[in-house]
Amino acid sequence: LPYPSPLFNAEGQLTGAINMLIDVTDKKEREILIQKTEEKYRNIIAQASDAILIYSVDGTIYEFNKACYTMLGYTKEEYAKLRLTDILVDDIIVSQDNYAAILAGETKTLNRKLMMKDGSLLESEVTVKMLADDKMIAFAKDITERKKAEETIKKEKDLSDTIINSLPGVFYFYDENLEMIRWNKQFENVTGYTAAEIRFKNVLEFFQGQDKPYMQERSRKVFASGGGDAEASFTSKTGKKTPFYFTGLRIQYENRPCFLGIGIDIAERKDAERKVKAAVERYDILADATSDTIWDWDIVDNTMLYNDGISKMFGYDLSKVKNIVEWWNENLHSDDIKTVQDSLEDVFEKKKQRFQLTYRFRCADGSYKHIFDRAFAIFDNEGNPIRIIGAMQDITYQSEEEIRIAKAMIDAQEAERNLLGAELHDNINQILAGTLLTLGMAKSKEVNTTQRTGFISSAMGYITEAINETRKLSHSLAPASFEENSLKNLFETLLLTINLENLFTIRLDFDEIKETVIPENIQVNLYRILQEQSKNILKYAEASTIEIAFKIIDKAVMLRIYDNGKGFDTKAKKTGIGLSNIKKRAESLSGKFILNSAPGMGCEIIVEIPLDK
């Protein structure tokens, strides 16, 4: 101790002093150590890159380091005058739970915005801890760049999500443990699971109902080999199975090996294959009843199969044919080869599933049959044709009938020309020649006035007859004109023309309509139908009564023509083309043609033409 303690006797006199010496070396060393430690602590705080400040709960700031005021743009003197509420946009203690945890000694790290001197906000990460003297120490770190990086990553992830969600199929990642990592919205839609339900789920759980050990082993092999493809069915949360074609590839994702899977829904293709199989089975049954020839062309292997129809229809024994595809090409008519090839190229290019062809095919006896071929094509996932199934129908009779009708129409046109020539030469020409002769006689000086008047009157009669005959010809040849005449007027004029000699009792029942609702092409064809049937009645019917009815029923026009003539057997083969022309006119307008007749019962034809086609 620096000062001694004095000693006194009973009389109060100083007799001596006591000086006690205590060794304080250890204390001094501790004080020096504490001082050095505090200096070192303050030096560390001062040099720290993170802002450090010590404050009380009421917001009084006691200590701060250089990073505190430089981070926010203040000077040291300005910062010393601030309170905690001046720099915090929101309180560090955001809830009672956080406050209680900090008071209990827990360390809390929170993201907070700090107010800079220029008024802008600084993104920071603040770590708060309670000190022993009821003060709090806060470490604030500038995380602006980190926030920008996180925002960039988020934007990139959003873009990535947008891309994978726009893919047509399912898209997913799983790791080496077969746990799901990432997927697109289509995956959720197909499986019916939410994102929370999918996360960390084993990928094999989406293939329930299938051979699980096989699927697990296959998944591991595919993962180990780096990729592969296969067909399998997704099983949704509700148990629905959807067939998919999967392609996979092992990649690095988030710095670890993962497997990327892409699945394309092939339910429609599978359904089409099932329909084809069912169709083939039905066709096998149908072929026995219709004698159609069913063929199946495997394009990949370039092989073709036929049913028994090939023998029944064409007379071939396929057991003696070595290369059926080449044999088929060789038996196509040479004029039809290019047409068939062009049609098939169009099918392959446009990925058509259903198409039809007409061509000629050679029989075993060397003759040709006209074939109507309906076919169904199957394509793989890359759009390449792999198989075509078709049915060949013999339409030789129909084709020859069309040729016969066309020839008959040409013959009829030629006959009509001959008839016109005969009418002009033998009838009108003779009438006009008689007129000239009569007028010549009237000019003779040898006839008297009475005779001359008679000759002139006869000549006028001849001219009138020639006019009437010419009118008949013009009405039969000239096209109907609807610009100045209504359909009803044209009907009446036509009927008047065929009944100049009053051979028939004619009744016309014509609905009062706005004829603008009936297209002109329909009006023309209705007029021609009445004209054609009138000719038939004049030539063959031997009738005394003709009834014509024209009505509009359920958005369709109906024309009925009836005569009470001798009629005919509708099942007997007919050589004329009048009724065939009427039927073709009706069918060309998507209409119906009905014929009712029997020997001695007259004849009735009904034509119905829709107005909405």
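This is a predicted model: local features need pLDDT of at least 70, side-chain atom pairs count only at pLDDT 80 or more; totals for chains, interfaces and linings use all residues.

First, an overview. The protein chain has 613 residues, of which 35% count as buried. Its secondary structure comprises 18 helices and 22 strands.

I turn now to helix packing. Two packed helices are described by the angle between their axes and by the distance between those axes. Consider helix 16, residues 487-498, together with helix 17: their axes cross at roughly 15° and come within 11 Å. Helix 16 and helix 17 are therefore roughly parallel to each other. Their crossing is right-handed. Which residues meet here? On the side of helix 16 they are Leu487, Leu490, Phe491, Leu494, Leu495 and Ile498. On the side of helix 17 they are Gln523, Leu526, Tyr527, Leu530, Gln531, Ser534 and Leu538. Sorted by class, this contact of helix 16 with helix 17 has 10 nonpolar residues, 3 polar and no charged.

Helix 17 also packs against helix 18. Here helix 17 spans residues 520-541 and helix 18 spans residues 578-588, and the two pack at an angle of about 165° with their axes 9 Å apart. Helix 17 and helix 18 are therefore roughly antiparallel to each other. In this pair, helix 17 passes helix 18 in a left-handed crossing. Helix 17 contributes Asn525, Arg528, Ile529, Glu532, Gln533 and Asn536 to the contact, while helix 18 contributes Gly578, Leu579, Asn581, Ile582 and Arg585. In the contact of helix 17 with helix 18, there are 3 nonpolar, 5 polar and 3 charged residues.

Let us stay with helix 18 for a moment. Which of its residues are buried? They are Gly578, Leu579, Asn581, Ile582 and Ala586. Viewed down the axis of helix 18, these buried residues fall within an arc of 160°, so they line one face of the helix. After helix 18 comes Ser590, whose phi is positive, near 60°.

Is Glu188 buried or exposed? Its relative accessibility is 16%, so Glu188 counts as buried. Apart from neighbours within four places in sequence, Glu188 is in contact with Trp183, Tyr193, Ala195 and Ile198.

Next, Ser120 sits in the loop between strand 5 and strand 6. With a relative accessible area of 29%, Ser120 is partly exposed. Ser120 and Leu72 are 48 residues apart in sequence, and their C-alpha atoms are 9.3 Å apart in space. Neighbours within four places aside, Ser120 is in contact with Leu114 and Met115.

Finally, Ile251 belongs to strand 11, residues 241-253. Ile251 is partly exposed, at a relative accessible area of 23%. Along the chain, Ile251 and Asp175 are 76 residues apart, and 9.9 Å separates their C-alpha atoms. Leaving out neighbours within four places in sequence, Ile251 is in contact with Phe173, Arg256, Pro257, Cys258 and Leu260.

Thank you for your attention.

Notes:
Residues are numbered from 1 along each chain as its sequence is written. Side-chain values use heavy atoms; hydrogens and water are left out. Axes are lines fitted to C-alpha atoms, for helices over the stretch in contact, and angles run from 0 to 180 degrees between N-to-C directions. Helices (H or I, at least four residues) and strands (E, at least two) are DSSP runs, numbered from the N terminus. Angles under 35 degrees count as roughly parallel, over 145 as roughly antiparallel, 65 to 115 as roughly perpendicular and the rest as oblique. A crossing is left-handed if the near helix is turned anticlockwise from the far one by less than a right angle, and right-handed if clockwise. Contact means heavy atoms within 4.5 Å. Ala, Val, Leu, Ile, Met, Phe, Trp, Tyr, Cys and Pro count as nonpolar, Asp, Glu, Lys and Arg as charged, and the others, Gly among them, as polar. Buried means under 20% relative accessible area, exposed over 50%, partly exposed in between (1.4 Å probe, protein chains only). The arc is that of the directions from the helix axis to the C-beta atoms.
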